[in-house]
Protein chains: 2
Amino acid sequence: MKRTAQDIEYSQDTLTISKFAKALGHPARIIILKHLSNQSCCFTGDLLEVLPLAQSTVSQHLKELKEAGLIEGEVNPPKVKYCIHSENWQLAKGLFADLFKEDFSKISCC
Amino acid sequence: MKRTAQDIEYSQDTLTISKFAKALGHPARIIILKHLSNQSCCFTGDLLEVLPLAQSTVSQHLKELKEAGLIEGEVNPPKVKYCIHSENWQLAKGLFADLFKEDFSKISCC
DNA sequence: ATTGTTCATCGCAAATGTACGATGATTATT
DNA sequence: AATAATCATCGTACATTTGCGATGAACAAT
């Protein structure tokens, strides 16, 4: 991937929402987030019972969600509790709501 | 990527939102969608003036958005008009709103 | 007929993503 | 001290994504 001088042209909001979206771009990570958000609060790798994936793979997905800022992990040996990162969750909610604010429910095109 | 028998385990909603999210997972595509959604309606490769990318690359991003169902293209030679795919736009809006419906704005964790 | 415009697609290169098993680190329990 | 449980990380394999230039297809205007 050649990169030129120009790739700095995106606004912060654009970068932020695309980062969140990218993290949401895999069904396993959607499942994880839905679990965390239902489970009024924290959670851990009981996810393994829900996801048809190896433990290491789930761990990797959790890492990506953490790096995207959507969740946070709290070590609680020998377990780890994962929670929704409330601040960024609100941020994401707002950014997506803003993206989809236009309503094209009536005949829209052209 | 080894695939085993189990990868069929995701619900339709989960697959759908992750497909949309994946398509939103790149800043260039966010820009494109914002343009289409502001521009009350259709559009074409004036996107080239907005995006720091080669024409072929932009075309590829448009293709991905089309395949994800978020936009549709209408040939109008020698140009192509792109529009938000209203039905799927509404669907996406609903799915994201549902995902983020829980409110973690007050102290949430554990 | 030739030329120009607009756009998609192909082929390539490099980067990232997805998945797994194996191994290791940490702590609790025996 | 030894074992078990929980989770992260490493290494590997393969797929997908991202980007570009080059080429081609479709049509309009000359």
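**Notebook: the A/B interface**

I started with polar contacts across the interface of chain A and chain B, and the rule finds 4 residue pairs, both partners at pLDDT 80 or more. I keep in mind that this is a predicted model.

Next I asked which elements of chain A touch chain B. Those giving two or more residues to that side are α1 (12–24), α2 (27–38), β2 (79–84) and α5 (86–99) of chain A. I then sorted the side of chain A that touches chain B by class, and got 25 nonpolar, 12 polar and 10 charged residues. With charged residues on the list I looked for salt bridges too, and the count between chain A and chain B is 0.

Then I went for extent. I find 47 residues of chain A in contact with 47 residues of chain B. The area buried between the two chains comes to about 4,200 Å², and carbon and sulfur atoms give 69% of that. Which three residues supply more than any others of the area that chain A buries against chain B? They are A:Y10, A:F100 and A:F104, with 18%.

Last, symmetry. I superposed chain A on chain B with a rotation of 180° and 0.0 Å of shift along the axis, at an RMSD of 0.0 Å. The two copies are thus related as by a two-fold rotation axis. The same surface serves both copies, since I see 100% of the contact residues of chain A recur in chain B. I also checked which residue of chain A comes closest to the rotation axis: A:A21, with its C-alpha at 2.4 Å.

Terms used. Residues numbered from 1 in each chain as written. Chains lettered and ligands numbered in written order. Predicted model: local features only at pLDDT ≥ 70, side-chain atom pairs only at ≥ 80, totals over all residues. Heavy atoms only, no water. Least-squares fit on C-alpha atoms with pLDDT ≥ 70 in both. Contact = heavy atoms within 4.5 Å. Buried area = accessible area lost by both parts, 1.4 Å probe. Salt bridge = Lys/Arg side-chain N within 4 Å of Asp/Glu carboxyl O. Polar contact = N/O pair within 3.5 Å; in protein donor to acceptor, adjacent residues only side chain to side chain. Helix = DSSP H or I, 4+ residues; strand = E, 2+ residues; numbered from the N terminus. Nonpolar A, V, L, I, M, F, W, Y, C, P; charged D, E, K, R; others polar.
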